[in-house]
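Thank you all for making time this morning. I would like to walk you slowly through one structure, so please keep it open while I talk.

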Amino acid sequence: MKHAVLFALAPLALAGGCATNAGTVPLAEAPVAAPATPVAFGEAVKAGEVVVTPLSLVEDSRCPINARCVWAGRLIVNARIDGAGWRESVLLELGEARDVRGASIMLASGEPGRMAGEDEPLPAAYRFTFEGI
């Protein structure tokens, strides 16, 4: 009798285990920071319905804080975007909204700013804020 009950319940236990997101990519493998939290390279942060992880600096040609420039320059970051069941790497430019699979994401800030006459910031010093729009 005891074995009959176990055999009867076995399919229910298996069915419960299959009700996960089988076959989908998780939103992120590492801990995810709260929205609007500045993050370093390799750290994940929630931005709207997706998770953004800055991977590398592509360009930081922004005008130094203590200088006058004809052109403001750009900050471009290569970032991984994780959604429900998908993952994509994109280039995000400071202040420019980017649509990725129906999600609109923006690189809202990047620190530190550059200073004229000083060395370029090291990659480890950068912190980025992303917004889901």
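I will start with the overall layout and then turn to the side chains.

Please keep in mind that this is a predicted model, in which local features need pLDDT of at least 70 and side-chain atom pairs count only at pLDDT 80 or more, while totals for chains, interfaces and linings use all residues. Residues are numbered from 1 along each chain as its sequence is written, and side-chain values use heavy atoms, with hydrogens and water left out.

The chain contains 1 helix and 8 strands, and, read from the N terminus, these elements follow the order α-β-β-β-β-β-β-β-β. Helices (H or I, at least four residues) and strands (E, at least two) are DSSP runs, numbered from the N terminus. Of the 133 residues in the chain, 32% are buried, where buried means under 20% relative accessible area, exposed means over 50%, and partly exposed lies in between, with a 1.4 Å probe and protein chains only.

Two strands are said to pair if DSSP finds at least two bridges between them. Strand 4, residues 75-83, runs antiparallel to strand 5 over 8 bridges, and Val77 stands opposite Leu92 in strand 5.

Let me move to Glu59, which is found in strand 3, residues 50-60. The side chain of Glu59 makes a polar contact of 2.7 Å with that of Ser61 and another of 2.6 Å with that of Arg74. A polar contact here is a pair of N or O atoms within 3.5 Å; within protein, one must be able to donate a hydrogen and the other to accept it, and residues adjacent in sequence count only if both atoms are side-chain atoms. Setting aside neighbours within four places in sequence, Glu59 is in contact (heavy atoms within 4.5 Å) with Trp71, Arg74, Leu75 and Ile76.

Next come the charged pairs, and the structure holds 6 salt bridges, each defined as a side-chain nitrogen of Lys or Arg within 4 Å of a carboxyl oxygen of Asp or Glu. Arg62 forms one of them with Asp60, with 2.8 Å between the closest N and O atoms; Arg62 is buried at 13% relative accessible area, and Asp60 is buried at 12%. Another joins Arg87 and Asp82 at 2.5 Å, N to O, where Arg87 is partly exposed at 31% and Asp82 is buried at 0%. Salt bridges that share partners join Arg80, Asp82 and Arg87 into one network. A further salt bridge links Glu88 and Arg101 at 3.1 Å, N to O. Because Glu88 lies in strand 5 and Arg101 in the loop between strand 6 (97-100) and strand 7 (103-111), this pair ties together parts that are 13 residues apart in sequence.

Finally, the aromatic rings: the structure has 4 aromatic pairs. Among them, Phe128 and Phe130 form a tilted pair, 6.4 Å centre to centre with 40° between the planes. Rings of Phe, Tyr and Trp (its six-membered ring) pair if their centres lie within 6.5 Å, and planes under 30 degrees apart count as stacked, over 60 as edge-to-face and the rest as tilted. Phe128 is buried at 0% relative accessible area, as is Phe130 at 1%, and one aromatic cluster is formed by Phe41, Tyr126, Phe128 and Phe130.
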